[in-house]
Amino acid sequence: MATTCRTWTSLRSMRLDQTRVRKTVRAKAGAEEGTTEEDGFEKRLAALKGKTRPGEGAKAAKRKAKKDKGSVESIYDFSNEVVYYEGGPSTGDVATNVALGFTLVWLPLTLASIGRKLYLKYKITDKRINVISESPFAQSEEDIVYENIADVVTVGRGVGLWGDMVITCKDGKKVELRSLDKFLEIKAYILDKVEKAEAANEEGKSKGF
């Protein structure tokens, strides 16, 4: 009789242990599923609100811009380039806007022209067009090589003394050069380089065949 009682007690203890193990496994699985569902919910909520998760904001964008710039420099060799034009937006544009800035209507345009003069830098060489923005709100750098240019459009400002230029790349991207001195001469220089780059590409293709 004593042996039977001990056996029954042992079986009961084993069943209780098995029950505890099942509950522990279920609890862990539920916690993992809850975490996954919570992460998914946060991602959907961030997408709806237009917010970014940690590591996906402005710092990540800057890192990507640096990486893209590095990849461009690794593909194209910009060493020993000859500078054709280097400078910022036209001083005449700033002077004109400052002179007209006494009116409240013109004041935003005056501030915009001062900001361009302070923070924008243009460099045009025989190998590329370089546009640098050093604004404290949005720092960026663009390198456009001539073989990637599809179109160049200019609009004269200040009675034709300076002008705005829009460069359209073959991938659809547009790059603006605002208040550019000698804009017509620079446009002619760029178009000449684009034509030579296309001719070199065609010659390379013909040699390949």
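**View 1. A network of salt bridges joins Glu81, Lys123, Arg128 and Asp143.** A salt bridge here is a side-chain nitrogen of Lys or Arg within 4 Å of a carboxyl oxygen of Asp or Glu. The model is predicted, so local features need pLDDT of at least 70 and side-chain atom pairs count only at pLDDT 80 or more, while totals for chains, interfaces and linings use all residues. Residues are numbered from 1 along each chain as its sequence is written, and side-chain values use heavy atoms, with hydrogens and water left out. Lys123 belongs to strand S2 (residues 120-125) and Glu81 to the loop between helix H2 (58-75) and strand S1 (83-87), so the pair ties together parts that are 42 residues apart in sequence. Helices (H or I, at least four residues) and strands (E, at least two) are DSSP runs, numbered from the N terminus. Lys123 and Glu81 are both buried. Buried means under 20% relative accessible area, exposed over 50%, and partly exposed in between (1.4 Å probe, protein chains only).

**View 2. Lys173 and Glu142 form a salt bridge, 3.1 Å from N to O.** This pair links distant parts of the chain, 31 residues apart: Lys173 is in the loop between strand S6 (162-169) and strand S7 (174-181), and Glu142 is in strand S4 (residues 139-145). Lys173 counts as partly exposed because its relative accessibility is 34%. Glu142, at 28%, is also partly exposed. The whole structure has 9 salt bridges.

**View 3. Asp164 and Arg178 meet in a salt bridge with an N to O distance of 3.4 Å.** Asp164 lies in strand S6 and Arg178 in strand S7, 14 residues apart. Asp164 has 10% relative accessibility and therefore counts as buried, whereas Arg178, at 30%, counts as partly exposed.

**View 4. Ile129 sits in strand S3 (residues 128-134).** With 0% relative accessibility, Ile129 counts as buried. Leaving aside neighbours within four places in sequence, Ile129 has contacts (heavy atoms within 4.5 Å) with residues including Lys123, Glu142, Asp143, Tyr146 and Leu177. Ile129 and Tyr146 are 17 residues apart in sequence, and their C-alpha atoms are 7.9 Å apart in space.

**View 5. Four strands form an open antiparallel sheet in the order S1-S2-S3-S4.** Two strands pair if DSSP finds at least two bridges between them. S1 and S4 are the edge strands, each with a single partner, so one side of each has no neighbour in the sheet. On average, neighbouring strands are turned by 10 degrees against each other, direction ignored. S2 and S3 run antiparallel and are joined by 5 bridges; Tyr122 stands opposite Val131 in S3. Helix H4 (residues 107-119) packs on the sheet and touches S2 and S3, and its direction makes about 55 degrees with that of S2. Axes are lines fitted to C-alpha atoms, for helices over the stretch in contact, and angles run from 0 to 180 degrees between N-to-C directions.

**View 6. Val98, Leu104, Leu107, Leu111, Ile114, Leu118 and Tyr119 make a nonpolar surface patch of about 650 Å².** Patches are made of residues with over 30% relative accessible area and no salt bridge; like charges are joined within 9 Å, and nonpolar side chains (Val, Leu, Ile, Met, Phe, Trp, Tyr) within 5 Å. Accessible areas come from the Shrake-Rupley method with a 1.4 Å probe; for residues, only the protein chains shown count as cover. H4 gives the most to this patch, with 5 residues. Leu107 is in helix H4 and, at 34% relative accessible area, is partly exposed.
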